[in-house]
Amino acid sequence: MKSIAIATLAGAFVLATAHSKEVGQAAPEFTAKNLKGESVSLADHKGKVVVLEWVNFECPFVKKHYASGNMPKLQEDYTDKDVVWLTVCSSAEGKQGHAENSKQSERASSEGNKASHFIADSDGEVGKAYDAKVTPHMFIIDKEGILVYSGAMDSKPTTDHADI
């Protein structure tokens, strides 16, 4: 009986770490819809570097990086280098940052968003898988599917465009 419990525990540990959100571990897999209604999954981009950017255009820190042109420039520079950039909005209906897909698409365009895909995650599944808590919360996944960065956009906790 003890060996069955150990085997079950070992299996649970392997399963848990296979879907880890810890740097150095495999990035959590997901499939979600972009603003066009198309399915986007992490598996679609196997073998490529993937950047996940959590966004809420009402957040003052997001405003800092979009109004200054910093975020759109990074998106453009890196997608031109074959990096997949996924902007994710996990705002639920009725919450700040949420908008119908067509309105969110208009807003993303007016803000200069140049991501490969803009994911509508209003049920929060992708956000929960990555434990995204703030905006902009950034994640970088390497070509092998390993999460190599989880954190802030920069090290300056101000909304001043001059400190970018």
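User: Which side chains does the polar contact of 3.0 Å join, and in which helix does Gln 75 lie?

Analyst: In this predicted model, the side chain of Gln 75 makes a polar contact of 3.0 Å with the side chain of Tyr 66. Gln 75 lies in helix H3. Its side chain also reaches the backbone nitrogen of Lys 114, at 2.7 Å.

User: Is Gln 75 buried or exposed?

Analyst: A residue counts as buried under 20% relative accessible area. Gln 75 has 0% relative accessibility and is therefore buried. Leaving aside residues up to four places away in sequence, Gln 75 touches Glu 53, Tyr 66, Trp 85, Thr 87, Gly 112, Asn 113, Lys 114 and Ala 115.

User: Which residues of helix H3 are buried, and what covers them?

Analyst: An α-helix has 3.6 residues a turn, so residues three or four places apart point the same way. In helix H3, which spans residues 70-79, the buried residues are Asn 70, Met 71, Pro 72 and Gln 75. Their cover includes strands S3 and S4, helix H2 (60-67), helix H4 (101-111) and strand S6.

User: What does Phe 30 touch?

Analyst: Not counting residues up to four places away in sequence, Phe 30 touches Val 40, Ser 41, Leu 42, Leu 52, Leu 86, Ile 119, Val 126 and Tyr 130.

User: How many disulfides does a search of the whole structure find?

Analyst: A disulfide is a covalent bond between the sulfur atoms of two cysteines. The search finds zero disulfides in the whole structure. Cys 59 is buried, at a relative accessible area of 11%, and Cys 89 is buried as well, at 5%.

User: How many helices and strands does the chain have, and what pattern does it follow?

Analyst: The chain has five helices and seven strands. Along the sequence they follow the pattern α-β-β-β-α-α-β-α-β-α-β-β. Of the chain's 164 residues, 35% count as buried. Among contacts between residues at least 6 apart in sequence, 70% join residues at least 24 apart.

Note on methods:
Residues numbered from 1 in each chain as written. Predicted model: local features only at pLDDT ≥ 70, side-chain atom pairs only at ≥ 80, totals over all residues. Heavy atoms only, no water. Contact = heavy atoms within 4.5 Å. Buried < 20%, exposed > 50% of the residue type's maximum accessible area, 1.4 Å probe, protein only. Helix = DSSP H or I, 4+ residues; strand = E, 2+ residues; numbered from the N terminus. Disulfide = S-S within 2.5 Å. Polar contact = N/O pair within 3.5 Å; in protein donor to acceptor, adjacent residues only side chain to side chain.
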